[in-house]
Amino acid sequence: SKHLNGFPSDFFWGGSTSAYQVEGAWDEDGKGPSVIDMGRVVEGTTDFKVASDHYHRYKEDIALFAELGLKAYRFSIAWTRIFPSGEGEVNSKGIDFYNNLIDELIANGIEPIATMYHFDLPYALQEKGGWSNRVTVEAFATYSRTLFEAFGDRVKYWLTINEQNMMILHGDALGTKHVDANNPMKDLYQQNHHMLVAQAKAMSLCHQLLPQAKIGPAPNISVIYPASCKPEDILAANTFSALRNWLYLDMAVYGRYNSTAWRFLEERDATPTITSGDMEILAKAKPDFIAFNYYNSQTVAQSAGDESDINSTGDQQITIGEIGAYKGVENKHLVKNEFGWEIDPVGFRTTMREIYERYALPLIITENGLGAFDKVEANDEINDDYRITYLQQHIEQVQLAISDGVEVFGYSPWSAIDLISTHQGCSKRYGFIHVDREEFDLKALKRSKKKSFYWYQSLIEKNGL
Ligand code: BG6
């Protein structure tokens, strides 16, 4: 049997959230609207305006995180609280809020891990073309400088852009709009290029201004299985891995375009325009670690070469095929959660190995978790044994990966507290802490501890053993 190494004594047992999913106060204290606010609030699919009301209850929430024993809290900063229009004047009340949040975390012995941008692009920038417009690159650079200057004395861990790869591959679901209808793919990869340059600038700036701080990208990475050992299926999996995973990390780490991904774009007339100086900016910037989110693995088969390749459900976890390249298929060896997402703990270990073998940088998992319809039983009890099982199985694989020689310095599951799901409202819950509200009935937003809270608390106490 395998020899198991323990978790490092300073391992970051964390919990994660993102601004628009947890904060609420969507237009308070000078905050400007983001693409999420304008999309979802206006559509009225769920009430994002209040979310979990963390903006007003962060002290109560952080007290609960401290009781849970969190060593780290991964949250995101809403760009539109700092710059209501994405650029221009700084909104000092936005700075105040994150100062208070960060101070409260530190007072409770919790390491703040800040994501700079988690899907919520300022709407004012979107109106000017969003990431298609180079102006957004400069706006992001200025925004990142402002964050480093305001919070860099206390925040030592920075994440640049959450799931950039999902914004490109599943942009419609996440508010990434293409501007050029004639060649949407080219436009998307232009946006992607601009985000990569913006990220590189932020990484270099971070090292320049804050020599003690660490910064890294935060894509969603998962092992890609071929549907069979048929060589064409293997090739399809290789292509999809290049497009879904390595394009983003090769650029973040090595500052170069992945050759397979680049050729794929060339064949589709979708390569971005590269402004002179970009490749130098990209090559110079280096991350200190790789943060990644993992929920499930993906499986692909050889392309059928026609429309049947495209499985366009809009759900980020289901592979959308590319005619002539690959086709997303189900993996019959895996069970699915209530929302149709395949559950694959072993694939998590393979994913950690693959990333570490390729880049040899320390890893932190910034999202992993189970969305479910929780039931409140007598005495406010929530017996989320299914969540405990999911987390236990995945944490076990982290320990196995560490024992394989992978350097992992933190595990921060989704989510620290109940929040609004990106796709399915607030009834799809992820938290250790229950927030009493429904889609359109805010109730009292009362917090209560789920069974998983006590389980995770005791796991952290024993450092994962
Ligand atoms: C990740 C996102 O893709 O998945 C989170 O970074 C999101 O913002 C999480 O909430 C789970 O997805 P969903 O759609 O179930 O909320």
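1. Strand 6 and strand 8 (residues 298-301) pair in the parallel sense over 3 bridges. Here, two strands count as paired if DSSP finds at least two bridges between them. Helices (H or I, at least four residues) and strands (E, at least two) are DSSP runs, numbered from the N terminus. Helix 11 (residues 231-254) packs on this sheet and touches strand 6 and strand 8. The direction of helix 11 makes about 165° with that of strand 6. Axes are lines fitted to C-alpha atoms, for helices over the stretch in contact, and angles run from 0 to 180 degrees between N-to-C directions. Residues are in contact if their C-beta atoms, placed from the backbone, lie within 7 Å.

2. A word on the model before going on. This is a predicted model, in which local features need pLDDT of at least 70 and side-chain atom pairs count only at pLDDT 80 or more, while totals for chains, interfaces and linings use all residues. Residue numbers start from 1 along each chain as its sequence is written.

3. Which strands make up the sheet with mixed pairing? It is an open sheet of 3 strands in the order 6-8-9. Strand 6 (224-226) and strand 9 (327-329) are its edge strands, each pairing on one side only. On average, neighbouring strands of this sheet are turned by 45° against each other, direction ignored.

4. For Tyr117, the bridge partner in strand 4 is Ile161. As background, strands of a sheet pair through backbone hydrogen bonds, either parallel or antiparallel.

5. Follow the chain past strand 4 and you reach Glu163, in the loop between strand 4 and helix 8 (164-169). Glu163 is not a glycine, yet has a positive phi of about 45°. Glu163 is also among the closest residues to the ligand, along with Gly371, Ser421, Thr422 and His423. In total, 16 residues surround the ligand, where near means a C-beta atom, placed from the backbone, within 6 Å. By class, this shell has 2 nonpolar, 11 polar and 3 charged residues. Ala, Val, Leu, Ile, Met, Phe, Trp, Tyr, Cys and Pro count as nonpolar, Asp, Glu, Lys and Arg as charged, and the others, Gly among them, as polar.

6. Another backbone detail to look at is the cis peptide bond joining Trp414 and Ser415, with omega about 5°. Ser415 lies in the loop between strand 13 (408-411) and strand 14 (433-435). For context, most residues other than glycine have a negative phi, and most peptide bonds are trans.

7. How do helix 7 and helix 10 pack? Helix 7 (residues 135-151) and helix 10 (residues 184-209) have axes 9 Å apart and an angle of about 25°. That angle makes helix 7 roughly parallel to helix 10, a term for angles under 35 degrees. Their crossing is right-handed, so the near helix is turned clockwise from the far one by less than a right angle. Residues meeting here include Phe140 and Phe148 in helix 7 and Val197 and Leu205 in helix 10. The contact divides into 10 nonpolar, 3 polar and 2 charged residues.

8. Helix 3 (residues 54-68) and helix 5 (residues 92-107) cross at roughly 5°, and their axes come within 10 Å. These two helices are therefore roughly parallel to each other. Tyr55, Tyr58, Lys59 and Ile62 in helix 3 meet Phe97, Leu101, Glu104 and Leu105 in helix 5. This contact has 6 nonpolar, no polar and 2 charged residues.

9. Finally, helix 14 (residues 345-359) packs with helix 15 (residues 385-403) at an angle of about 30°, with axes 8 Å apart. The crossing of helix 14 and helix 15 is right-handed. Among the residues making the contact are Phe348 and Met352 of helix 14 and Leu400 of helix 15. By class there are 6 nonpolar, 3 polar and 3 charged residues.

Definitions and conventions: Two residues are in contact if their C-beta atoms, placed from the backbone, lie within 7 Å. Angles under 35 degrees count as roughly parallel, over 145 as roughly antiparallel, 65 to 115 as roughly perpendicular and the rest as oblique.
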